[in-house]
Each structure stands twice: as structure tokens, then as C-alpha cells.
Amino acid sequence: MKKLFRLALGCSFAGLAIAMAQAPSHPPYLKMTEHDENGTGISYLGREIAQVMGHQAADWLDRPEREAEEAPSILVKSLKLKPGMTVADIGAGSGYLSFMMAKAVGKTGKVYAEDIQQEMLDIVVSKAKDTGVKNVLPWLGTTTDPKLPAKSIDLMIMVDVYHEFDQPYEMLSHMVPALKPGGRLVFVEYRKEDPKVPIKEVHKMSVKQVKKEMAIFPLNYTETNEVLPRQHIIIFTRK
Ligand SMILES: C[S@@+](CC[C@H](N)C(=O)[O-])C[C@H]1O[C@@H](n2cnc3c(N)ncnc32)[C@H](O)[C@@H]1O
């Protein structure tokens with residue numbers, strides 16, 4: 001009996017040790033003494049977290065010159081979406097990209113237009129109503145969890161979003177399990193490496209920094225595609 005108890009205890013310690021070895025450690029959020037006026041004053045893995053873009057600026061996301069400036073149609077083409085796929089547009093804003101991707105996945109596919117601002121989702125609802133598009137699903141998440149079903153997403157994309165997460169560790173801890181094994185996680189971020197990109201500094205990210213922040217999650221770095229004029233397309237795949 002004593003031996004059995006020792007064995008059980010030994011097993012649970014071994015289980016705990018494995019779980020601890022597998023769990024990514026939570027990097028700290030550090031308060032900064034001096035910081036960028038567009039930042040939150042919180043640093044995460046050496047990067048200042050940016051302030052969230054308010055819904056009042058939604059018109060800027062839908063500006064007519066966006067195609068000429070950022071080539072979002074080339075972005076969508078580069079993703080090689082197929083009919084029937086399930087996509088999550090994390091931080092979808094007014095759904096500018098969600099509706100473009102909805103066309104690519106067709107009627108048998110769907111796009112979750114996820115955001116933390118209900119006002120942004122109200123714009124998505126009204127666009128869906130006006131256009132009759134049925135495969136864009138407005139989806140309210142929180143700053144720590146997009147609340148997507150486990151292993152359900154083929155491709156999760158964040159276009160100019162990740163640098164605004166106020167709790168990136170918690171968000172990614174919930175996002176990765178929502179990907180199907182082999183599913184893709186895509187970052188579209190303004191190039192920090194290029195001073196000519198006309199965007200506020202805290203709203204830009206380098207490839208090196210994105211890789212550093214993703215290294216603690218069960219993801220394989222897949223590639224960086226540089227087809228866009230201002231942004232990196234950085235792709236990871238769920239292990
Ligand atoms: C600059 S906008 C980009 C919108 C859209 N991706 C586009 O390119 O048109 C950033 C969006 O990210 C959203 N956001 C910020 N933090 C978020 C979080 N933790 N979870 C989901 N969305 C978030 C904001 O509410 C905002 O709508």
C-alpha cells in the first residue's frame with residue numbers, strides 16, 4: 001500500500017515536472033519611467049505596448065487610398081485562402097480585411113471578425129447587412145481571450161493589431177489553442193526596421209521582435225513575406 005502511494009506521488013511529481021517544463025513562462029509587464037506618447041508606458045520583452053486605436057478612427061481603416069498605400073489585396077492573395085476555410089481576423093476593426101477574406105473562403109467558409117470594441121463590430125454588422133454577406137461573423141472578445149472554439153481555425157490573422165494587445169501573453173495563450181494543428185498564425189506589422197514607413201513608432205514591429213515574443217509558444221516560425229510596401233507578413237504554424 002505504502003509502495004503504491006509512493007508510486008502515485010512519484011507519478012504526480014513527474015507529471016507536474018513535465019507540465020512545468022511544457023508551460024511557457026510568463027514574461028513580465030514592466031512599468032516604464034519614460035515612454036513614447038503613443039505608448040502605454042508598459043514594456044513587454046523590450047517593446048513598449050501601443051495604445052489601442054479607438055473606434056472613432058474607423059474611417060481611417062476604410063480610407064479609399066488604403067489599397068494604393070498598403071496593397072491589402074496583395075496581402076489577401078498571398079494568404080492562399082481556399083473555399084471552405086475558417087479564418088479569424090483578430091482585431092478586425094471595421095472588418096476591412098474580413099470582407100476581403102470572406103470572398104476568398106466563399107460560402108462554405110467563414111471569417112470571424114473579432115474585436116474588443118463593440119462599436120467596431122456594429123460597423124461590421126451594418127456592412128454585412130448592406131452587402132448581404134453572410135459568412136462574416138462579428139465576434140466580441142476580451143483583452144485576454146478572443147473566445148474562439150478550440151482547434152477550429154485554419155488561419156488567424158492580425159493586421160496592425162498585435163502591438164496593441166495590452167496583455168499579449170494572455171491573448172496568445174488563448175489564441176494558439178484555437179488554431180487547428182498545422183493552422184497558420186499571421187502577423188501583419190509595419191516595418192520597424194524602415195524609418196521611412198510613415199507610422200508612429202510604437203505601432204511598428206521588427207521581425208526579430210515578433211520572433212522573440214512568439215518563441216515561448218508552441219509555434220513553428222514558417223516565413224516572412226515582404227510583398228507589401230509597408231508591412232511584414234510574418235507567418236507561424238501551430239505545432
Ligand atoms: C489599427 S486597428 C486595425 C483594424 C483591422 N485589423 C484593419 O487592419 O483594418 C486595431 C484593432 O485592434 C483591436 N484590438 C486591440 N487590442 C485587441 C485585443 N486584445 N483583442 C482584439 N482586438 C484588439 C482594436 O480594438 C482595433 O479595432
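**Close-up views of a predicted model**

**View 1. Strand 7 and its neighbours.** Strand 7 is joined to strand 8 (residues 179–191) by 6 bridges, and the two run parallel; two strands count as paired if DSSP finds at least two bridges between them, and strands (E, at least two residues) and helices (H or I, at least four residues) are DSSP runs, numbered from the N terminus. The structure is a predicted model, in which local features need pLDDT of at least 70 and side-chain atom pairs count only at pLDDT 80 or more, while totals for chains, interfaces and linings use all residues. Residues are numbered from 1 along each chain as its sequence is written. Within this pairing, I157 stands opposite V186 of strand 8. Strand 4 (residues 86–90) is also parallel to strand 7, with 3 bridges joining them, and here the bridge partner of A88 is M156 in strand 7. Because 6 of the 7 residues of strand 7 (residues 153–159) are buried, this strand is largely enclosed by the rest of the structure; a residue is buried if 20 or more other C-beta atoms lie within 10 Å of its own, exposed if 12 or fewer, and partly exposed in between, with C-beta atoms placed from the backbone.

**View 2. I157 and the nonpolar core.** The largest nonpolar core has 50 residues, of which V87, L155, M156, I157 and V186 touch the most other members; such a core is a set of buried Ala, Val, Leu, Ile, Met, Phe, Trp, Tyr and Cys residues joined through C-beta atoms within 7 Å. Leaving aside residues up to four places away in sequence, I157 touches V87, D89, I90, V186 and V188, where contact requires C-beta atoms, placed from the backbone, within 7 Å. In soluble globular proteins, nonpolar side chains tend to be buried together.

**View 3. Two loop residues with positive phi.** Most residues other than glycine have a negative phi. L45, in the loop between strand 2 (39–44) and strand 3 (47–50), has a positive phi of about 50° although it is not a glycine, and L45 counts as partly exposed because it has 15 C-beta neighbours inside 10 Å. K80, in the loop between helix 4 (72–78) and strand 4, also is not a glycine and has a positive phi of about 50°. With 10 other C-beta atoms within 10 Å, K80 is exposed.

Terms used: Two residues are in contact if their C-beta atoms, placed from the backbone, lie within 7 Å.
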